[in-house]
Structure formats: C-alpha cells, structure tokens
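Here is a two-chain model to explore. Have a look at the sequence and the structure first, then read on.

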Amino acid sequence: MKVVEALALALSGLNSNRLRSVLTMLGILIGVAAVILLVAVGNGASVQIQSQIQGLGSNLVYIYPANARGAGGVSQGFGSGQTLTQADVDALNDKTRAPDVVTAIPVSQASGIMVYQSQNWFASTSGSTQDFAQVRNYEVSTGAMFTDSDVRSAAKVVVIGETVVDNLFGGDPSSALDKTIKIQRQPFRVVGVFASKGSQGLGNQDNIAVVPITAAWSYLSGGRGKNISQIIIEAGSPDTVQPATSEATQVLLTQHKIGDPSLADFTTQSQQDILNSATQTTAIFTVVLGAIAGISLVVGGIGIMNIMLVTVTERTREIGIRKAIGARRSDVLLQFLIESMVLSGLGGVLGIIVGAGAAAWLDNAKIASGTFPPPVVSYPSVFLAFGVSVGIGLFFGIYPANRAAGLNPIEALRYE
Amino acid sequence: MMDPSAAAQPAHAMIELEDVTKVYRMGSVAVNALKGVSLRVDQGEFVAIMGASGSGKSTLMNIVGCLDLPTTGRYFLDGVDVRRLNDNQLAAIRNLKIGFVFQMFNLIPRATAVHNVEMPLIYAGLNSQRRQLAMAALDAVGLADRARHQPTELSGGQQQRVAIARALVTRPAILLADEPTGNLDSESSGEIMRLMVELNAQGHTIVLITHENDIAAFAKRVVRLRDGLVVADQTQQQRVEASA
C-alpha cells in the first residue's frame with residue numbers, strides 16, 4: 001500500500017471522529033505553541049541584549065587598570081588602580097607598535113550633577129577624546145563632536161545624550177546647542193547632542209555627557225589628577241580583535257616595564273567576551289523555557305497514544321476485515337502510524353501558527369517593552385517544533401499501531 | 001463463461017485438504033476442532049459445507065480462507081502449499097486468491113460502496129484501473145447506481161451484494177461465503193443465492209458454509225461435518241436420490 005492511500009485512510013479515520021481528533025490535536029497544538037512562543041521570548045531577549053552590546057560599538061577591547069594592591073598585596077577592588085596614562089594611549093595609537101589597533105581612546109569617568117537654570121540632572125560624565133563618538137558608535141545629531149584642539153586646550157565644552165536634553169532642555173536638542181550647563185559647578189558649553197541609541201537593558205546609554213579628557217582632568221577629577229579609568233581600543237574587524245588585544249597587551253607591558261605578563265597591572269576584556277557571557281546566559285534562559293514547554297508536548301503525545309489505543313480497540317472489527325481481504329501487517333501498521341502522525345503533525349502546524357501568531361501579537365500590541373523584550377520567532381524552532389510533533393506522533397503511535405497490526409484476524413472479525 | 005463440456009474433463013483442484021487437523025488450546029484444555037478432514041474442491045464447483053455449531057465448519061472455513069493454519073495435515077490452495085507461507089504471503093493469498101463473504105457483511109463503515117469494493121485492489125497495489133474494476137464488479141452484482149452510498153444507506157441485501165462485489169474484484173480462485181444469508185430476510189436471501197448460482201455458472205468456484213438446508217440446496221455438492229469429521233459428501237443428485 002502506498003503512503004498516499006494510507007494518508008487518505010488516515011484522514012477519513014480522523015474525519016469520522018472530528019471532535020475527538022480536534023481535542024487530541026489540541027494537546028499537541030498547545031505544546032507546540034508554547035514551545036514556539038517561549039523560545040521566541042527567550043530569543044527576543046537574546047537578540048535585544050546582543051544588539052545592545054553591539055550598539056556599544058563594534059570590535060572593541062576594553063583595558064582596565066588592574067586592582068591596586070595595598071600593603072601586603074591586599075586587593076583594593078576592580079579598577080581601583082591608576083596605572084593607565086596618556087602615554088599608554090599614545091603608544092597604542094602608534095601604528096608601528098600596534099598595527100591592528102585602529103583607534104585607542106582614554107576614558108575618564110567623572111560623574112556629577114548637571115544644572116541648567118532651574119533644572120538639574122545626574123548623568124554619567126566621561127572625559128575622552130574626539131574619537132569617542134566614532135569608537136562607541138554614537139552619532140551626533142545636532143551640532144558636532146568637540147575637536148582635537150578642544151582636547152589640547154582643555155576647552156570646557158560638552159556633548160550630551162538625549163536623556164540629558166530631555167531633562168535639562170525639555171527634549172529640544174537645537175535649544176540645547178551653545179547653552180552653558182554646569183557640571184560639578186563648572187560651566188561647560190553644549191556643542192553637540194548624540195542621537196538616541198535606545199534605552200533598554202544595559203542601562204540608559206543616552207544618559208551621557210562627554211567632555212574633553214583634559215577638561216575632565218582639570219575641572220572634574222576631584223583632585224585625582226590625570227586619571228584614566230579605561231582605555232577603549234577599536235579593531236578593524238572581528239578577525240583583528242584577537243591580534244589587536246595581544247598587540248595592546250605587549251605595548252602596555254613594554255610601557256609599564258613589566259616582564260612577566262602574569263604581573264600585568266591592567267586587564268583586557270573584549271566586547272566578544274561580554275557578548276559570549278550574555279549569549280550564554282540567554283541561551284540557558286531559552287533552553288529552560290523551551291524545556292518547560294516541551295513537557296506539555298510530551299503530555300500531548302501521551303494524549304495521542306491514549307486516543308489511538310481507543311481507536312484501535314473501536315476499530316478492531318475493521319482491522320479484521322482489512323486483514324481478511326489482504327492487508328498485510330505492515331499495511332495496518334502504516335495506516336495507524338500515519339493516522340497518529342497526521343494527528344500530531346496537524347496539531348503541530350496549528351500550534352506553529354498559534355505560537356507565531358501570539359508572538360507577533362505580543363510584538364504588535366506593544367505589550368513587549370522595557371523589561372519585556374519583543375519575542376523573535378526563530379525559524380529553527382519552527383522546523384524543530386514541527387519535526388518533534390510528527391516525531392511524537394510516530395513515537396506514541398508505534399505501540400497502538402503495532403497492537404492493531406498484531407491482531408489475529410479471526411478474533412478481530414468476531415469482535416463485537 | 002465456462003464451457004459445459006469442460007465439466008467432463010478432469011478439472012484442476014482449487015482446494016485440496018489432506019487429513020487436516022486443528023487443535024486449539026483453551027487454557028490447559030486442548031480442543032480438537034478438526035480431527036482429520038480430507039476434501040477436494042475442483043475449479044467451477046459450488047460446494048456447501050453444512051454442520052451444526054461446534055461441528056468445526058467455522059474452523060474449516062478459517063483454514064480454507066487462510067486466516068488460520070492447520071495443526072497437522074496439508075492444504076493446497078490452487079496448487080500452493082499454504083503451510084509453507086509466511087504472514088505476508090498469506091495476506092497476499094487472501095487478497096488475490098480468496099474472496100470472503102461474511103454473515104455480518106463486514107463492510108468498512110463510513111466508506112462508500114465503491115471504496116469498499118476497491119479496498120482489496122488497494123492492498124494489491126493496483127493504482128490505475130482501480131476505480132474501473134471496482135465499478136465493473138459493482139455492476140456485476142447490479143449495484144452500479146449505488147456506488148456512492150455508504151453501507152448504512154444500503155439495505156442488508158444490497159450490503160451483501162457490495163460484499164460479494166468486493167470478494168470478486170480481484171478475480172479470486174474461490175469465493176468463500178460464511179452464512180451469507182444468515183442476517184437476511186428470505187427475499188434478500190433468495191436474491192443473494194440466485195446471484196451465487198449465476199456467478200458459479202460464470203465459472204467462479206464457490207464454497208458456501210451454512211446450516212440451512214434450503215440454502216445448501218442451491219449448491220451442486222454438499223459436505224456435512226460432525227464433530228470435526230466429514231460424515232457425508234454428496235452431489236445434489238445423490239442427495240435427491242437418497243431422500244427419495
């Protein structure tokens with residue numbers, strides 16, 4: 001018997017008991033829809049975190065001062081050292097010494113209260129160079145980034161993010177331009193406004209102000225001198241991140257006159273490292289969600305097995321007739337296996353539609369916002385869910401179908 | 001159509017049972033359903049097998065129909081030793097060499113008449129001419145106009161005629177009818193039996209199992225079973241003479 005005929009038989013079998021077929025399918029439908037939706041939610045979180053990390057700039061490596069050691073080698077905490085200098089930055093920007101480093105910028109953190117007329121606001125304030133915008137992937141939407149000469153002259157100018165504009169200038173970037181705001185009571189002239197990068201997950205990246213690092217040292221360092229809290233280096237492509245990291249490490253070891261790399265007074269962390277650990281976390285999240293939903297698929301499969309056993313018992317006589325007129329064991333087996341696979345496969349297809357529909361609805365209805373990322377249906381999960389649902393039909397159909405195929409025709413024909 | 005002169009020639013045996021026994025185990029008790037039956041049915045014969053319930057006629061039918069195998073003895077169907085066959089080969093024999101007609105009609109519910117008739121052809125793996133052959137078989141039993149009806153929409157007599165069409169569609173070596181009129185009124189019974197006689201006249205070999213004398217009277221030969229043994233084997237002519 002051909003599969004086409006078995007399929008036709010299976011469909012007519014399912015059609016003859018519509019309510020029961022639909023209810024059985026519902027079990028698989030709910031399971032598949034749950035898998036699709038929950039994996040989409042996990043996936044959405046993963047996509048969002050990845051895009052945020054990518055949004056920090058691409059192919060970056062962060063260099064932090066090592067933890068300073070006090071008397072007796074007691075660590076004073078992450079980033080507490082002050083071992084990075086402008087000379088290090090200049091050395092890293094030297095193409096003969098670190099050819100794979102495209103740009104290296106120093107960053108000095110100097111957060112403080114900002115005041116404009118009667119408004120005040122707190123934003124993370126960084127001192128850096130004119131390359132900050134390019135390296136950190138910020139676009140200046142209004143005005144311009146401060147210049148090299150501003151850095152050399154320690155000009156009191158600032159480029160601010162959109163959240164700062166919202167809170168100090170009522171959200172109008174053009175009105176902010178050329179106004180003077182006070183940061184830690186020092187007047188800074190606004191020369192530019194960064195375009196918004198969106199503000200979810202990893203802290204608000206628009207709540208930022210950037211001043212020339214020289215101005216930060218002179219006016220905002222609070223007496224800590226020419227402190228550099230991190231150096232960010234940018235590599236040309238993902239492939240050169242690794243060589244750029246080793247070159248930077250070598251340059252800094254030479255600069256700091258350290259022979260043994262294990263004694264380095266700085267640490268490096270590439271963006272890929274951050275991305276990897278974030279991806280790992282969200283992958284675990286996705287797997288856990290998928291596994292919980294998978295349990296309902298197994299329950300649906302048991303429902304199919306149950307109904308197929310009932311069907312086989314009900315149709316014992318029909319099986320006897322079929323065997324008497326020449327159906328082989330394999331014909332009967334195929335008929336019932338295909339019937340259970342059609343049942344679960346159809347449930348799977350409907351489940352995919354419902355799950356993907358629910359994901360799309362969550363996305364469109366803007367219920368997904370802030371802490372709840374928009375779900376992203378992954379195509380592998382769709383194919384996997386369909387494959388698994390058909391597989392469940394196969395697995396849970398084998399026992400009932402085998403029971404049908406093994407029926408003795410004489411007894412089956414006598415069955416009332 | 002069988003040439004009447006062919007009856008004179010030694011016909012080739014369709015069924016040949018040689019000292020067939022069948023023992024069933026019911027728990028610890030062994031039941032000897034058949035105690036050594038030898039029977040030969042030639043091509044073109046119309047044989048009625050009679051016997052009371054418990055005489056072994058159902059067991060004999062199951063063995064002749066290849067639904068069951070003899071415990072001892074040999075059974076040749078159309079020259080083939082059935083005991084050497086495996087499950088799939090037996091299924092193929094049932095499919096191609098035997099046409100079953102049951103007392104309960106045993107049509108597949110929720111399948112149209114024509115679909116019921118083409119069922120054996122599906123299992124035979126036939127694709128292209130399936131519908132035409134099924135329609136031709138339905139036409140032969142006079143039910144071509146009921147092809148699209150489901151069993152529940154047909155009378156008992158019509159259902160049994162569909163069953164006969166299904167039995168004939170693969171052009172089997174024998175038509176095996178187990179109490180085919182047992183569930184029918186006398187008028188429908190007469191119709192079915194006249195159809196059987198007509199089919200036999202066309203050359204079909206028919207084995208009929210019944211316990212009713214007036215049904216057996218349509219056959220050309222009557223075999224009587226009692227307690228698992230053949231106790232009488234007479235042609236209709238011999239019966240008439242014996243009763244006279």
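First, some housekeeping. This is a predicted model, so local features need pLDDT of at least 70 and side-chain atom pairs count only at pLDDT 80 or more, while totals for chains, interfaces and linings use all residues. Residues are numbered from 1 along each chain as its sequence is written, chains are lettered from A and ligands are numbered from 1, in the order in which they are written.

## The two chains

Some terms come up in the table. Helices (H or I, at least four residues) and strands (E, at least two) are DSSP runs, numbered from the N terminus. A residue is buried if 20 or more other C-beta atoms lie within 10 Å of its own, exposed if 12 or fewer, and partly exposed in between, with C-beta atoms placed from the backbone.

| Item | Chain A | Chain B |
|---|---|---|
| Helices and strands | 14 helices, 11 strands | 8 helices, 10 strands |
| Span of the C-alpha trace along its principal axes | about 105 × 55 × 40 Å | about 45 × 45 × 35 Å |
| Buried residues | 43% of 416 residues | 47% of 244 residues |

How does each chain sit beside a compact globule? The radius of gyration is taken over C-alpha atoms, and the globule rule is 2.2 Å times the number of residues to the power 0.38. For the 416 residues of chain A, a compact globule would come out near 22 Å, but chain A has 33 Å. For the 244 residues of chain B, the rule gives a value near 18 Å, and chain B agrees with its 18 Å.

Next come contacts: two residues are in contact if their C-beta atoms, placed from the backbone, lie within 7 Å. Take contacts between residues at least 6 apart in sequence: in chain A, 80% of them join residues at least 24 apart. In chain B, that figure is 69%.

## A helix with a kink

Helix α13 of chain A runs over residues 379–405. The expected span of a helix is 1.5 Å times one less than its number of residues. The 27 residues of α13(A) should therefore span 39 Å, and the end C-alpha atoms are 37 Å apart, which agrees. There is still a kink of about 45 degrees at I398(A), shortly before the proline P400(A). That bend is the angle between axes fitted to the seven residues ending at a residue and the seven starting there.

## Where the chains meet

How many residues does each chain bring to the contact? Chain B gives 19 residues and chain A gives 16. On the chain B side, α2 (87–96) and α3 (113–124) each supply at least two residues. The largest share, 6 residues, comes from α2(B).

Because 11 of its 12 residues are buried, α3(B) is largely enclosed by the rest of the structure. The buried ones include H115(B), N116(B) and E118(B). They pack against α1 and α12 (329–364) of chain A, together with α2, α4 (130–140) and α5 (156–168) of chain B. Just after α3(B), G125(B) takes a positive phi of about 85 degrees.

## The nonpolar cores

In soluble globular proteins, nonpolar side chains tend to be buried together. Here, a nonpolar core is a set of buried Ala, Val, Leu, Ile, Met, Phe, Trp, Tyr and Cys residues joined through C-beta atoms within 7 Å. The largest one has 132 residues, and I36(A) and A165(B) have the most contacts inside it. Helix α2 (residues 18–55) of chain A gives the most to this core, with 17 residues. Apart from it lies another core of 58 residues, among them A104(A) and A244(A).

S12(A) is in helix α1 (residues 3–15) of chain A. S12(A) counts as partly exposed because it has 14 C-beta neighbours inside 10 Å. Although S12(A) and E339(A) are 327 residues apart in sequence, their C-alpha atoms are 9.3 Å apart in space.

L26(A) lies in helix α2 of chain A. With 15 C-beta neighbours inside 10 Å, L26(A) is partly exposed too. From L26(A) to P243(A), 217 residues along the chain, the C-alpha atoms are separated by 55 Å.

Leaving aside neighbours within four places in sequence, the contacts of L168(A) include Y116(A), W121(A) and I181(A).
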